[in-house]
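This briefing covers one protein chain and is grouped by topic. The sequence and the model are shown below, and the notes follow.

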Amino acid sequence: MRPVDVLLTCDIHTHMSGSEPVRRDLVEARRLLQAVGVRCTFFFPARSAELLRDQVEALRAEGHEIGCHGLTHDPSENYGRLPRQAQETLLTEATRRLTGVLGQPPVSFRAPVFKLSRDTIRVLEALGYRTDLSVTAQRLGVFGSDLYDMKPFFAPRRPYHPTLSNPFRKGAAQIWEIPVSAWLLPFLSNTERLCGLRFMQWFFRALYIEARTTGKPIVFMFHAEDLNAARGAQEPWRLSWRDFIPSRTFGFQFRHALLERDWRRVQQDLVALLRFMAGFPAVRFLTVNEYLPLLEDGHAVPEATPTPAAVAVAAASAAAPAARREEPRKDILCISSIDWDFIWQGHQEVMATLAAQGNRVLFIENTGVRAPTLHDLPRLTHRVVNWVRSVKGFRQERERLFIYSPLVLPFPYSTPARWLNRSLMLRALQRWMRATGFHRPLLWTFLPTPLTIDLIHELDPELTVYYCIDDLASSSSAARRISRSETRLFKMADVVFVTSEKLQQHAARFNDRVSLFPFGVDFEAFERVREEADEIPPDLRVLPRPVIGYVGGIHQWVDQDLLVAVAKAMPQASVALVGPLQTDVSKLARQPNIHLLRGRPHAELPRYIKGFDVGIISYRLSDYTAHVYPTKLNEYLAMGIPVVATDLPEIRRFNAEHGGIVSVARDAKEFVHAIRHVLASSSPELIRRRIDVARQNSWQSRIAQMSALINEAMERRRAEPEAWEQKLRRVYRAARRRILKAAIAATLAYLVVFQSPVVWWMAEPLRLAAPARPADAIVVLGGGVGESGKAGQGYQERVKHAVDLYRAGQAPSLIFSSGYTFIFQETEVMRELAIAEGVPASAISLETRAANTFEQARAVSRMLQGEPRGSILLVSSPFHMRRAVWTFRRVAPSIEVIPAPIPESQFYAHARGASLRQMWGIFHEYVGIVYYWVKGWIRLTPAAGG
């Protein structure tokens, strides 16, 4: 089960309350945290740490971490607005003082009131800080920042390296930004005080599910005083109009009036919340410094709690200057034709070696050369699992080597699918590249699909390398359409590598920079196994000798008839096939001395080959295999065993180059004869010769030669002045993408808002209606300027509906309420309309002073006082009805209100989408509900009929 890391963070400040109250807060906080059994990172202003040195030492002894919270936490210490020189002065002094208290430099920082700027990030990096927790992503400004400062609202929600120009965006800075958890609202104690414990428990459940899926930590922030119930009641907060002006330092001051002042309830709820979090499976509480090594290891999430040794390593690395970190030599983006977890081949070997040499590598798993079949279902399922277990498809496999498992539509030659896949992959890749600092990488591709061509155009790599290892067009009828895009790739690639002579001849028709590099062998790994006393795997050791061995996938190109013939001709021998089953093998399974050992980890293959007496390459002859250079060839030779192969063109070329080292057979009879011959004629001299041939074909020498050619091409590219036409095209291409994205977004927004029922779905909760039934009076609310924004509109429909209710005998009288006057008093016009429709004047009452719904409800309730009326039919427009009913029930709870909105509103009539005026009317109603709730004029409770 994936662990869920919870980082508790507590902010300390003494500038407003003094050090002694904070000391008492800390004593109580320590007691409660110890009782719950959790650890926390406390952020101290340096001067507060000096005043509370005894508490700092006690916290560290109990396993808590101490971070920097600035120098004083004074309102003037606003890192969001201070110039860089002032920030350097404050932070240098704060770091010096805190180092004096702790005995070592702090490595974690949080800016007072979450205020920081790009200069803050630069100063922190220069001072050796490794983490910053000053971003409260997607929080509302009322919680501690300027309401008009919306940049943090769009900050990433997972840990990221910020840019040096904008701390709220991903970039190439070395410091880690670890945002406080948020889903619109931040995961803070202030949120708990506003919304209550039950809300925070649901909040944590949602964050927990997200963390289990993505590996992202949950970061919670509180203050020490939140855990001290002894703070007692405070004086009510007195507000003036100045408190509603956005402050440059602390945002809207009126937030303090909104927060719960019952400290005992706050303490009880926070302790209950901590126990609630601790009770979830796999939750572990870490300090920021304990979490850091997991973060720098590519968001690794080991199953066990960090050991003291791991914490010590983290502390030692925290003290190391950022400048000492090794910088990668190249950024390489690899588009692979296989998945990373597939059979280990040259794709993984080349990229793993390049990463080990100091380059940063992003390995993009196969996006397909044909439409999938049912046979591909396990692979597709594995891809989805990899995507879910990773971070949006990205994961770190080893140091400097990252894997991307994209989810794409599996139709490589469909234009709509290609367009969608390009958009999705490009957006994901660009975000990842910004987060990790990739810039114009070297693009190395094994895959020549149209999607690859699109990515090369869009990513604008510094150099493009195509390593052509197969004739994919002949691999299946469904993949023949790849020829066109492969031809384009041959022409546009700066460097082309191929694995066989036929592929070289084919590629040379389109590119004069083609080099032959067959797959090699990790010679050192095989040599270690060959020279050491490693045991042969048990499942191979028990087989009768001799063992005729094969490693690799059991696919359609393996000649099963040949293997069956060999097994029948040599019944005393064992044919061991080590590799995943990729086709129907029932023919092989029926032969008793053919053993299907299935796939094994790549690291185990040398031990299996060591247990072979002879290695075989039993491929059928076809257009596809005519271009294939078998990787296993050098693996067999590196272990010193003889090799027997079918008559493949690349085997013939290999023999011509290395003096007939491989026995070649053209049919089953020759194959059996060759096996018997090599088994009888092996000698130490032949073994040494095979090993020497393998050494010449090692991956180390192959990659060194390929790297030299790539470096030459890059130097040649850099030496050539880039034509202004190419630069201009690149600029226009980027601008065209931005314009296209904006146009698509605008079109989608238009279709959603103006041509779909989305607006009306959002408006539906405003409706409220009940079946009409007899009541004591019909109350009709005038329209005024109402939702239409124009006087004199809407009241006619309401009068007509009220008259219909009167004629139906639902009530004996009508009350028209409106204080609005436009040429004529609105209620007078309403009465004349009702009289014209046949309602007696004696049955009509007027209320002529109310300016809004609240005043209408209050005025009508006064009119009904003393009357034997227990119920009313309330008439208004459809989307105003919920607010009207809630208001009447708040003002006059003794009167039964029956909502009777007009059945059809001409203003709200629509065919599909909504007009701007209609949207404004709906928005006006939602704003009105919020305003009435804040004023205390309504209660947000379910109402009958809706």
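The model is a predicted one.

**Sheet**

- Eight strands form an open sheet with mixed pairing, in the order β13-β14-β12-β11-β15-β16-β17-β18.
- The edges are held by β13 (394-398) and β18 (514-516); each has a single partner strand, so one side of each lacks a neighbour in the sheet.
- From one strand to the next, the twist averages 20°.
- Within the sheet order, β12 is listed between β14 and β11. Strand β12 (residues 360-364) pairs with strand β14 (residues 401-404) in the parallel sense, over four bridges.
- Leu362 stands opposite Phe402, a residue of β14.

**Nonpolar cores**

- The largest nonpolar core contains 92 residues, and Met351, Trp444, Tyr467 and Phe612 have the most contacts inside it.
- Helix α27 (residues 699-719) supplies the largest share of this core, with six residues.
- Another core, of 66 residues, lies apart from the largest one; Ile12, Val56, Leu98 and Ala155 are among its members.
- Tyr467, one of the residues with the most contacts inside the largest core, has a list of contacts that leaves out residues up to four places away in sequence. Tyr467 touches Val350, the run Trp444, Thr445 and Phe446, the run Phe497, Val498 and Thr499, the run Phe517, Pro518 and Phe519, and also Trp699 and Met706.

**Ser817**

- Ser817 is part of strand β26 (residues 814-817).
- Ser817 counts as buried because its relative accessibility is 0%, and the cut-off for buried is under 20%.
- Apart from neighbours within four places in sequence, Ser817 is in contact with Val780, Leu781, Gly782, Thr827, Glu847, Ala850, Gln856 and Val860.

**Whole chain**

- The chain has 34 helices and 31 strands.
- Of its 946 residues, 53% are buried.
- For contacts between residues at least 6 apart in sequence, 73% join residues at least 24 apart.

Notes: Residues numbered from 1 in each chain as written. Predicted model: local features only at pLDDT ≥ 70, side-chain atom pairs only at ≥ 80, totals over all residues. Heavy atoms only, no water. Core = buried A, V, L, I, M, F, W, Y, C linked by side-chain atoms within 4.5 Å. Buried < 20%, exposed > 50% of the residue type's maximum accessible area, 1.4 Å probe, protein only. Helix = DSSP H or I, 4+ residues; strand = E, 2+ residues; numbered from the N terminus. Contact = heavy atoms within 4.5 Å. Pairing = 2+ DSSP bridges. Axes fitted to C-alpha atoms, helices over the stretch in contact; angles between N-to-C directions.
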